[in-house]
Amino acid sequence: MSIFDQVIDRRNTNSYKWDKYSDANVIPVWVADMDFKAAPPILKALQKVTEHGIFGYSGCPDELNEVVMERLRTRHGWDVKKEWIVWLPGLVPGIGLSIRTVAKEEEAIMMTTPVYHPFMLETRAAGRLLQKVPLLFENNRWTIDFDALEASITPQTKLFLLCNPHNPGGTVFTKEEQEKLLQICLKHSIIICSDEIHCDLILDTTKKHVSIATLSPEAEQSTITLLAPSKTFNIAGLGCSMAIIPNDELRTNFLKTKAGLMPMLSAYSYEAALAAYRDGAVWHEELLVYLRQNHQFLLNEVNQLKGMKMMPLEATYLAWIDTRETGIENFAQKLEEVGVGVSDGIQFDGEGFIRLNFACPRTTLEQVIRRIKSLF
Ligand SMILES: Cc1ncc(COP(=O)(O)O)c(C=O)c1O
């Protein structure tokens, strides 16, 4: 038995994921949070905060900045200065702030699609122009169509939103791919906002995460890197993320945009992040083993179903499954009717696809598979 085999009832806990469906029969495998209890060191740290019993305003513990800098040095090969780190109550707010900081209203934000839908929603919400470049499916993976990308650039294009590893494509962009992207962006004076929230969820052990900011001093000066412990350690509800902005002017402008709009982070957020990064390594390794097994299991099962096509993911616990050849219309809706709540690909700009979150106990995943099979 793995600790991740434990089935925990999340219904009626106001869980965004589990309480979405009024039909209690539906197993939710949509939004990206995991059905696993957080690592014991995190639970202990949160208990300590509760026991102290005073919940005034909090600053970031020095040790957390130190731990983050050490982590980036060892895992990303990146020497980050403390003043470059801007703590945020979520990563999506970092996307919204980057959009508003870098581009004016008549200017444009570019991204490859399909993509994590808040990239598009935040751009629209900010009233900026949205420029979409379709991802290219090549050699069994989703990659960037560099010619199409460069051809889509206009004088209005000011920011490129990169999702690496990619949600929902599951791609870990290589150093070479990112070099190409960087050269194009530098040539056209486009700032890159790199959302790397899934960087510690690499499933393919032959792949290594590379932060685009580490490619050169110029890259460092023209990027905003967004990171968080939230996906890896399943603490998304605690709201703790960071933007790393080495460029002083860009960071000053980002802070101006942020002023008065973002709440301070709580002691719970900081202490959970600290415990995760400082003491969560063993749990994290075990999690990856479990996720890789779930991934393999799902891959084998799904690809046996007529017309269903799931590509192996390089990273993330979000399977991106092509249902277009099944002959079944409105696949996500049909699945809901048999008790499986997936994300409909259409919201990511991937019509005919579904996104399935497999970060759940194996028995739950087996049940999900049985229900999917009932459609065939
Ligand atoms: C690529 C990506 N960015 C950001 C987020 C969410 O970040 P937050 O909840 O901290 O705003 C997610 C969640 O699924 C994600 O997949």
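Two residues are in contact if their C-beta atoms, placed from the backbone, lie within 7 Å. The legends below describe a predicted model.

**Figure 1. Surroundings of alanine 272 in the nonpolar core.** Leaving aside neighbours within four places in sequence, alanine 272 is in contact with Ile42, Ala45, Leu46, Ile235, Leu238 and Cys240. Ala272 is also among the residues with the most contacts inside the largest nonpolar core, together with Leu159, Leu161, Ala276, Ala319 and Phe358. That core has 105 residues. Its largest share, eight residues, comes from helix H9 (residues 267–279). Domain 1 (3–40 + 281–373) and domain 2 (55–279) both contribute residues to the core, so the core lies between them.

**Figure 2. The whole protein, for orientation.** Twelve helices and 15 strands make up the secondary structure of the protein. The radius of gyration is 20 Å, close to the 21 Å that the globule rule gives for 376 residues, so the protein is as compact as a globular protein of that length. The C-alpha trace spans about 55 × 55 × 40 Å along its principal axes. Of the 376 residues, 44% count as buried. Among contacts with a separation of 6 or more, 73% are between residues 24 or more positions apart.

**Figure 3. Contact between the two domains.** The domain assignment gives domain 1 (3–40 + 281–373) and domain 2 (55–279). Their centres, taken over C-alpha atoms, are separated by 25 Å. Domain 1 puts 24 residues into the contact and domain 2 puts in 29 residues. On the side of domain 1 that touches domain 2, helix H10 (281–302) and strand S12 (318–322) each supply at least two residues. H10 gives the most to this side, with four residues. The residues on this side of domain 1 divide into 13 nonpolar, six polar and five charged.

Figure 4. Helix H1 covers residues 40–52, which is 13 residues. From its first C-alpha to its last, H1 reaches 19 Å, close to the 18 Å expected at 1.5 Å a residue.

**Figure 5. Tryptophan 87 in strand S2.** Tryptophan 87 lies in strand S2 (residues 85–88). Not counting residues up to four places away in sequence, tryptophan 87 touches Cys60, Met242 and Leu265. With 19 other C-beta atoms within 10 Å, tryptophan 87 is partly exposed, because a residue counts as buried at 20 or more. Isoleucine 372 is 285 residues from tryptophan 87 in sequence and 41 Å away in space, C-alpha to C-alpha.

Figure 6. Most peptide bonds are trans. The bond from asparagine 164 to proline 165 is cis, with omega near -5°. Proline 165 lies in the loop between strand S7 (157–163) and helix H6 (175–187). A cis peptide bond also joins asparagine 167 and proline 168, with omega about 15°. Proline 168 is likewise found in the loop between S7 and H6.

**Figure 7. Two asparagines with positive phi.** Most residues other than glycine have a negative phi. Asparagine 12 has a positive phi of about 60° and is found in the segment before strand S1 (27–28). Asparagine 12 is exposed, with 9 other C-beta atoms within 10 Å. Asparagine 140 has a positive phi of about 70° and sits in the loop between strand S5 (136–138) and strand S6 (141–143). With 7 C-beta neighbours inside 10 Å, asparagine 140 also counts as exposed.

Note on methods
Residues numbered from 1 in each chain as written. Predicted model: local features only at pLDDT ≥ 70, side-chain atom pairs only at ≥ 80, totals over all residues. Rg over C-alpha atoms; globule rule 2.2 N^0.38 Å. Buried ≥ 20, exposed ≤ 12 C-beta atoms within 10 Å, placed from the backbone. Core = buried A, V, L, I, M, F, W, Y, C linked by C-beta atoms within 7 Å. Domains from an automatic or database assignment. Expected span 1.5 Å × (residues − 1). Nonpolar A, V, L, I, M, F, W, Y, C, P; charged D, E, K, R; others polar.
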